[in-house]
Amino acid sequence: MDSIGPIRVLVLETEPNIIANARAALEGDSRLVLVGTVSDQASLMDKLGSTYAHVAVIDLAGLRGDVGPAVREVLAHAPECCVIVTGSNVAPGIVSRAVTAGARGFLLKPYQPEDFVSTIRDAYVNFQELRRLQRIERVPGTTSRPGAVIAVYSPKGGVGCTTIATNLAVALARRSGKSTVALVDLDLQFGDIGIALDLKSANSLADLLNHVDSIDQQLVDEVFVKHASGVRALLAPENLASVPSIDPDRVARVVDQLRPHFQYIVCDLWSSLEDLTLATLRMADRVILVTTPELPALRNLRRVMSATGLLLQDDRTILVANRVPGKAGISLNEIEKGLGRSIAATIPSEGVGITDAINRGMSIFDERARAKAGGSYRKLADLVAVGLEPAAVSRARRPVPATS
Ligand SMILES: Nc1ncnc2c1ncn2[C@@H]1O[C@H](COP(=O)(O)OP(=O)(O)OP(=O)(O)O)[C@@H](O)[C@H]1O
Ligand SMILES: [Mg+2]
């Protein structure tokens, strides 16, 4: 996976000229952002909590003792942080002690700014990839297998992300037969999952933001609201005024911490490619990219796919064409050619789907419920689940194209 979007870097360094060089190097690369500099280990530990650094670059000269315990202390506070150690005149054994303790990179001084930047990027990307593989490759059948995050995204609004996210969540819940599917409304501004599922709640994502790192089952039970299908929904905040101040990294951490509580966490994203969208796309185990067979939707998608490098090009990504056949007469072939990617699943026009049926108290097999799309959502759910369900791990790891 490519490390697109700003990687948050915290630097522990004692020499002012090296701090200035590091700052200049990071400012010169839009994919990285310096979130703080400190000159001793105690301040590093303080800052880790408040900056949500993705990467901590720590220099040996700023540590109060040996490198091993220092790296372990960082990781005990911030297990998802990627630690890189720097140092000059390095004594034998230090590199291996740093790496054994969990450091993901080592940079000898003096170094060039481009080496500084590329070491951070490479270490972080490799670290993310390792985490992703660890999630997917957990031993089948273990109860500790964390839940999979499924992001539903389109860079063009109104193409059906919310419809697909809700119907997919219901289809996954039917598949797993338990209350193990979360549907999280990450369209913080105009989220309408509550409307789609006909649910109301006084609680929302905002209630979890003050409990990052301490989300337990009781809190999940309180804040999520249950739909008749078994899907548990986390609604967007009612109060629009609070939205601009919501820290995207904090939201992403909340989503990550839902993993032990659910088998699937389906996230409905807004179309804007901002920090929260990027953070969710980066952490997702599956990305459902939605398009309709219309030029504006295709054009936006092509732009975003090329602007984000590998982020939307890897195996995690499933391209879904909604509302096919479309009125504009663009064929599936033309979509595939234009995007350079095959369509993995299609949803028919008028395929508003199975939540509609359930909300109206009908069986999803009821013709009146316009549930013809039920079959395509079931297929999409099967496709998403490949490689994510314990029993499927040894059979296949990659999504395979489906017909609908
Ligand atoms: N396959 C479909 N057939 C017919 N109507 C559909 C289909 N998919 C979605 N719609 C309708 O299109 C409208 C937009 O869908 P939806 O809200 O799911 O899109 P969205 O991408 O989430 O939009 P937004 O950018 O507003 O969040 C809704 O009225 C929905 O019922
Ligand atoms: Mg929507």
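In what order do the eight strands of the open sheet lie? Keep in mind that this is a predicted model. The order is E8-E9-E7-E10-E6-E11-E12-E13, and the pairing is mixed.

**The whole chain**

Colour by secondary structure. The chain holds 14 helices and 13 strands. Next, colour by burial: of its 404 residues, 45% count as buried. Residues 24 or more positions apart account for 73% of them.

E12 and E13 run parallel, and three bridges join them. Pick valine 324 and look across: its bridge partner in E13 is proline 348.

**Along E12 and just past it**

Select arginine 323, in strand E12. Check its backbone. Phi is positive, about 60°, although arginine 323 is not a glycine. Is arginine 323 buried or exposed? Arginine 323 is buried, because 21 other C-beta atoms lie within 10 Å and the cut-off is 20 or more.

Now move to the peptide bond from valine 324 to proline 325. This bond is cis, with omega near -5°. Proline 325 sits in the loop between E12 and helix H12 (332-339).

**Inside the sheet: tyrosine 264**

Go to strand E10, residues 264-268, and select tyrosine 264. Tyrosine 264 counts as buried because it has 26 C-beta neighbours inside 10 Å. Show its contacts beyond four places in sequence. They are Gly147, Ala148, Ile150, Leu172, Thr180 and Val181. Draw a distance to the last of these. Tyrosine 264 and valine 181 are 83 residues apart in sequence, yet their C-alpha atoms are 4.9 Å apart in space.

**Ligand 1**

Centre on ligand 1 and show the residues around it. There are 17, and the nearest are Gly157, Gly160, Cys161, Thr162 and Thr163. Colour the shell by class: four residues are nonpolar, ten polar and three charged.

Which helix and which strand each supply at least two residues of this shell? Select helix H6 (161-176) and strand E12 (317-324). H6 gives the largest share, three residues.

**Helix H1**

Select residues 16-27, which make up helix H1. Draw a distance between its end C-alpha atoms: 16 Å. The twelve residues should span 16 Å at 1.5 Å a residue, so the two values agree.

Show the side chains. The buried residues of H1 are Ile18, Ala22, Ala25 and Leu26. They cover an arc of only 95° around the axis, so they lie on the same side of H1.

**From E4 to H4: asparagine 89**

Select asparagine 89, in the loop between strand E4 (82-87) and H4. Asparagine 89 is another stop for the backbone angles: phi is positive, about 45°, although the residue is not a glycine. Buried or exposed, how does asparagine 89 count? Asparagine 89 counts as exposed because it has 9 C-beta neighbours inside 10 Å, and 12 or fewer is the limit.

**From H4 to E5: alanine 103**

Move on to alanine 103, in the loop between helix H4 (94-101) and strand E5 (105-108). Why does alanine 103 count as buried? The reason is its 25 C-beta neighbours inside 10 Å. Not counting residues up to four places away in sequence, alanine 103 touches Val71, Val83, Ile84, Val85 and Ala98. Draw one more distance, to isoleucine 58. The two C-alpha atoms are 9.9 Å apart, and the residues are 45 apart in sequence.

**Last stop: lysine 109 and proline 110**

Finish on the peptide bond that joins lysine 109 and proline 110. The bond is cis, and omega is about -5°. Proline 110 is in the loop between E5 and helix H5 (113-136).

Conventions:
Residues are numbered from 1 along each chain as its sequence is written. Chains are lettered from A and ligands numbered from 1 in the order in which they are written. This is a predicted model: local features need pLDDT of at least 70, side-chain atom pairs count only at pLDDT 80 or more; totals for chains, interfaces and linings use all residues. Helices (H or I, at least four residues) and strands (E, at least two) are DSSP runs, numbered from the N terminus. Two residues are in contact if their C-beta atoms, placed from the backbone, lie within 7 Å. The expected span of a helix is 1.5 Å times one less than its number of residues. The arc is that of the directions from the helix axis to the C-beta atoms. A residue is near a molecule or strand if its C-beta atom, placed from the backbone, lies within 6 Å of it. Ala, Val, Leu, Ile, Met, Phe, Trp, Tyr, Cys and Pro count as nonpolar, Asp, Glu, Lys and Arg as charged, and the others, Gly among them, as polar. Two strands pair if DSSP finds at least two bridges between them.
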